[in-house]
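My entries follow the structure.

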Amino acid sequence: MNCQPLSLLYCFVLLPSAVFAVGGTDCKPGCHDLHGFCESPGECRCQPGWQGELCDRCLPFPGCLHGKCTSPWQCVCQEGWVGSLCDIDVHPCTAKPCENNSTCIETGDGGHICLCAQGFTGKHCHLKKGPCLTNGSPCQNGGTCVDANGFAAQATCQCLPGFVGTFCEISSDNCKPNPCRNGGICENTGPGFRCNCPAHFTGELCKSPVLFCGSSPCQNEGTCHEHPVRGFVCTCKPEFMGDRCTRYNKNTTMHIMKVGIKHVQSHNLQSHPRPVQHQEHEVLKITVKETIHHTHPFLNKSQVICFIVLGLLTCLVVLVTTGIVFFSKCEMWLANAKYSHLLRKKKDCYLKSSSGEDISVKIIFPEKVKLSNHSKSYIAI
């Protein structure tokens, strides 16, 4: 086996098959000695990189378009084609890619350049310099300028969905952008729009908050309060209950009726005594106005007495404490006054004595007098 340097790798691949073929198996007549082999008589199986009934044709590189091979996996380009896959035409101008009498110039690497005639533009000079290119696009809101590739006398606009008009300047979708506030949902109604407001807002654009208490939803003299979640809350009078104060409070009503019955019965017995035999035929009538006036006071009698006693005890403690403090101050003030009088008396006696006599003065300090408080007076003496 004669192996060339460029096909050394194939020699190593084909060597085992060649040795196997020498073993004496008769292959198909004409089967290539090096590129084919057989395992059973009359067979011709190709080595990798070769094809054909007799394994005498090489396989080119996958994707090779205008090329051939002399060895497996090659791509030798034909005349007029270049590139690794032989897919680039060296003479592209032969296909006349430039339109409208434009000039084609080959670049030598398979490319070309079109020199457009006057009034034309584009890669292949297929576009005429019409109104869209000469004057610019007049279309608004993302519209596309159309002038029939430059051949139209005037430009027109191809509008995006939601816009109409000659230059796409009119919005047909009134809900973009959404004009509704506070989470309102916009709905197109032909030339206009409508806002579907959430529960707590109203108005054309859902700007105004809903005032639920404006319609006086609380009945039976209940007080209405605005609520951010529930809309409104009713504060009912004691004899009513419910979201709108529409149901009677049975417990409160029975209690008021019992108190009213006792009051009316005692009033009738005192002012209008009647025989016992006629009481079973009487009908007692109690109105709501009468029962409302007989409610319990804020404090009962025992609580009022307790508060009065506690107040008197507090005042007594304050007065005793004030007296003790005042008495201690008064006692100190009297002692200081007596001491000052004694000092003045002894001073006068000393001044009246004759000169040269030694007179000893004995000062007796009264009790509870601090010497430090009167040190300046002693120095002056």
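I began with Lys-237 and Glu-221, whose side chains meet in a salt bridge with an N to O distance of 2.3 Å. This is a predicted model, and I read that distance as a computed value from it. I then looked up where the two partners sit: Lys-237 lies in the loop between strand E22 (231-235) and strand E23 (240-241), while Glu-221 lies in the loop between strand E20 (208-209) and strand E21 (223-227), so that the pair, 16 residues apart, links distant parts of the chain. For accessibility I noted that Lys-237 is partly exposed at 31%, whereas Glu-221, with a relative accessible area of 62%, is exposed, because the exposed class starts over 50%.

My next entry concerns Arg-194, which forms a salt bridge with Glu-187 at 2.9 Å, N to O. Here I found Arg-194 partly exposed, its relative accessible area being 43%, and Glu-187 likewise counted as partly exposed, at 31%.

I then turned to Arg-45 and asked which residue it pairs with in a salt bridge. The partner is Glu-39, and the closest N and O atoms of the two are 3.4 Å apart, which still meets the criterion because the cut-off is 4 Å. Arg-45 is partly exposed, with 36% relative accessible area, but Glu-39, at 53%, counts as exposed.

To close the entry I checked how many salt bridges the structure holds, and the count is 3.

Key. Residues numbered from 1 in each chain as written. Predicted model: local features only at pLDDT ≥ 70, side-chain atom pairs only at ≥ 80, totals over all residues. Heavy atoms only, no water. Buried < 20%, exposed > 50% of the residue type's maximum accessible area, 1.4 Å probe, protein only. Helix = DSSP H or I, 4+ residues; strand = E, 2+ residues; numbered from the N terminus.
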